[in-house]
2 protein chains.
Amino acid sequence: MQDKGLLSQLIQNLCCLPGVGPKSAQRMAFHLLQQDRNGAVQLANTLIQAVDNIGHCQVCRTLTDQDVCEICSQSSRDGSSLCIVESPADVWVVDRAAAFKGLYFVLHGRLSPLDGVGPDEIGADLLQQRFAQGEVTEIILATNSTVEGDATAYFIAELAKKYNIQASRIAHGVPVGGELEFIDSGTLSHAFSGRREMV
Amino acid sequence: MQDKGLLSQLIQNLCCLPGVGPKSAQRMAFHLLQQDRNGAVQLANTLIQAVDNIGHCQVCRTLTDQDVCEICSQSSRDGSSLCIVESPADVWVVDRAAAFKGLYFVLHGRLSPLDGVGPDEIGADLLQQRFAQGEVTEIILATNSTVEGDATAYFIAELAKKYNIQASRIAHGVPVGGELEFIDSGTLSHAFSGRREMV
């Protein structure tokens with residue numbers, strides 16, 4: 001057996017990364033120790049700093065190391081349009097892909113009564129306060145296309161209706177570039193029921 | 001754009017791990033910050049400790065946090081048999097798989113004159129000292145089956161000959177469970193030239 005000390009511990013701790021099993025962890029540990037010790041130290045320092053300083057934005061609840069995140073503090077953004085997503089990673093993805101120039105709100109999950117996730121857990125009170133302020137006139141529901149994601153979207157749309165805010169849901173259907181042959185039947189039936197007239 | 005601060009820096013630093021691109025790094029960062037902050041802190045601490053304390057074993061040159069690694073300090077090991085490998089990861093793999101109970105020596109590379117890797121870089125002097133001590137009577141050359149790996153094996157075998165030490169090379173051929181149809185021609189020609197008589 002190889003040394004059971006620090007090296008094994010490092011390999012074990014690397015396994016806490018998503019998608020990393022014992023084999024990759026071993027490869028990572030040997031790589032860092034043999035070829036990139038500076039990188040390892042830098043990674044360690046950034047991890048510590050990130051854990052200490054990154055919290056939730058007070059306005060949109062995304063992850064940030066400031067009180068209010070960069071997106072929320074940009075004055076060029078259109079505050080009347082609010083995109084509602086499940087996780088901070090979704091903000092990142094939508095903001096990179098879509099030409100959306102409004103603001104975001106992160107639910108940190110989806111309604112799931114069986115797991116004890118109710119309106120309080122997804123920040124419904126904060127969202128309602130924001131609706132009450134009157135700046136928001138349109139919300140775009142970009143929760144995932146799962147049973148819970150759909151239920152959450154409906155719940156928030158109902159909430160928005162009370163404040164006369166227009167709610168829309170992002171389109172679900174056949175991915176661009178996707179071939180019908182390889183699309184699952186759930187997506188396909190969605191695509192049919194959500195068909196749009198051609199001009 | 002998402003916050004360009006600490007979060008981007010963390011994602012960028014995670015990319016220094018082998019096999020981790022921007023997408024996986026992003027996934028890892030969000031996972032650690034949202035679901036496993038303790039794991040992140042632990043990983044950071046272990047990284048720092050590992051970089052500070054893990055060096056090379058004075059006897060076999062593998063990675064260890066002690067002066068002499070666990071394998072070299074085991075008295076139950078057979079000191080007359082020495083397995084010579086290219087990297088510490090190889091020690092780990094061989095020791096887990098093979099029923100080898102001797103000791104190891106790590107070259108940390110292979111002879112490669114074009115890259116400036118000569119006998120000094122692979123610890124030939126330390127190896128020669130060890131041969132001169134007289135305890136080693138057999139070496140098993142487990143360098144990789146590449147041009148450089150083969151050349152390194154021949155070089156060390158020549159060195160061993162001076163001390164009347166028997167040198168052998170691990171077998172290269174069709175992997176156990178492998179089907180001929182999917183084996184590359186290099187391996188197959190190796191397997192033919194290295195054929196053994198059946199009893």
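1. Helix α2 (residues 22-35) of chain A packs on α5(B) at an angle of about 145°. Their axes are 10 Å apart. This is a predicted model, and the packing should be read as such. From α2(A), the residues in the contact are Gln26(A), Phe30(A) and Gln34(A). Facing them in α5(B) are Pro88(B), Ala89(B), Trp92(B), Val93(B) and Arg96(B). By class, this contact holds five nonpolar residues, two polar and one charged.

2. The counterpart pair is α5 (residues 88-97) of chain A with α2 (residues 22-35) of chain B. Here the axes come within 10 Å and cross at roughly 150°. Angles over 145 degrees count as roughly antiparallel, so α5(A) and α2(B) are roughly antiparallel to each other. Chain A supplies Pro88(A), Ala89(A), Trp92(A) and Val93(A) to this contact. Chain B supplies Gln26(B), Phe30(B) and Gln34(B). The class count is five nonpolar, two polar and no charged residues. In the contact of α2(A) with α5(B), by comparison, the count includes one charged residue.

3. Next, the domains of chain A. The assignment gives domain 1 as 6-53 and domain 2 as 63-169. Taken over C-alpha atoms, the centres of these two domains are separated by 34 Å.

4. On cysteines, the count over all chains is zero disulfides. Cys16(A) is in no disulfide, and its nearest cysteine sulfur, that of Cys15(A), is 8.3 Å away.

5. The loop between β1 (55-56) and β2 (63-64) of chain A deserves a look at Arg61(A). Most residues other than glycine have a negative phi. Arg61(A) has a phi near 70°, a positive value in a residue other than glycine. Is this residue buried or exposed? Arg61(A) has a relative accessible area of 16%; the limit for buried is under 20%, so Arg61(A) counts as buried.

6. Val59(A) is also found in the loop between β1 and β2 of chain A. Val59(A) is partly exposed, with a relative accessible area of 30%. Which residues does Val59(A) contact beyond its neighbours within four places in sequence? They are Val68(A), Cys72(A), Phe105(A), Leu126(A) and Arg130(A). Of these, Cys72(A) is 13 residues from Val59(A) in sequence. The C-alpha atoms of Val59(A) and Cys72(A) are 7.0 Å apart in space.

7. In chain B, Thr62(B) sits in the loop between β1 (55-56) and β2 (63-64). Thr62(B) is buried, at 1% relative accessibility. How far is its C-alpha atom from that of Pro88(B)? The separation is 5.0 Å, although Thr62(B) and Pro88(B) are 26 residues apart along the chain. Pro88(B) is also one of the α5(B) residues that meet α2(A).

8. Glu86(B) lies in the loop between β3 (78-85) and α5 (88-97) of chain B. At 3% relative accessibility, Glu86(B) counts as buried. Leaving out residues up to four places away in sequence, Glu86(B) touches Val106(B), Leu107(B), His108(B), Gly109(B) and Arg110(B), among others. Its contacts also include Thr143(B), Asn144(B) and Gly149(B).

9. One of those contacts, His108(B), needs its own check. His108(B) is placed in the loop between β4 (102-106) and α6 (124-133) of chain B. Its phi is near 55°, a positive value in a residue other than glycine. With a relative accessible area of 23%, His108(B) is partly exposed.

10. Last, Ala151(B) is found in helix α7 (residues 147-162) of chain B. Ala151(B) is partly exposed, with a relative accessible area of 38%. Gln166(B) is 15 residues away along the chain. The C-alpha atoms of Ala151(B) and Gln166(B) are separated by 17 Å.

Note on methods. Residues are numbered from 1 along each chain as its sequence is written. Chains are lettered from A and ligands numbered from 1 in the order in which they are written. This is a predicted model: local features need pLDDT of at least 70, side-chain atom pairs count only at pLDDT 80 or more; totals for chains, interfaces and linings use all residues. Side-chain values use heavy atoms; hydrogens and water are left out. Domain bounds come from an automatic or database domain assignment. A disulfide is a pair of cysteine sulfur atoms within 2.5 Å. Helices (H or I, at least four residues) and strands (E, at least two) are DSSP runs, numbered from the N terminus. Buried means under 20% relative accessible area, exposed over 50%, partly exposed in between (1.4 Å probe, protein chains only). Axes are lines fitted to C-alpha atoms, for helices over the stretch in contact, and angles run from 0 to 180 degrees between N-to-C directions. Angles under 35 degrees count as roughly parallel, over 145 as roughly antiparallel, 65 to 115 as roughly perpendicular and the rest as oblique. Contact means heavy atoms within 4.5 Å. Ala, Val, Leu, Ile, Met, Phe, Trp, Tyr, Cys and Pro count as nonpolar, Asp, Glu, Lys and Arg as charged, and the others, Gly among them, as polar.
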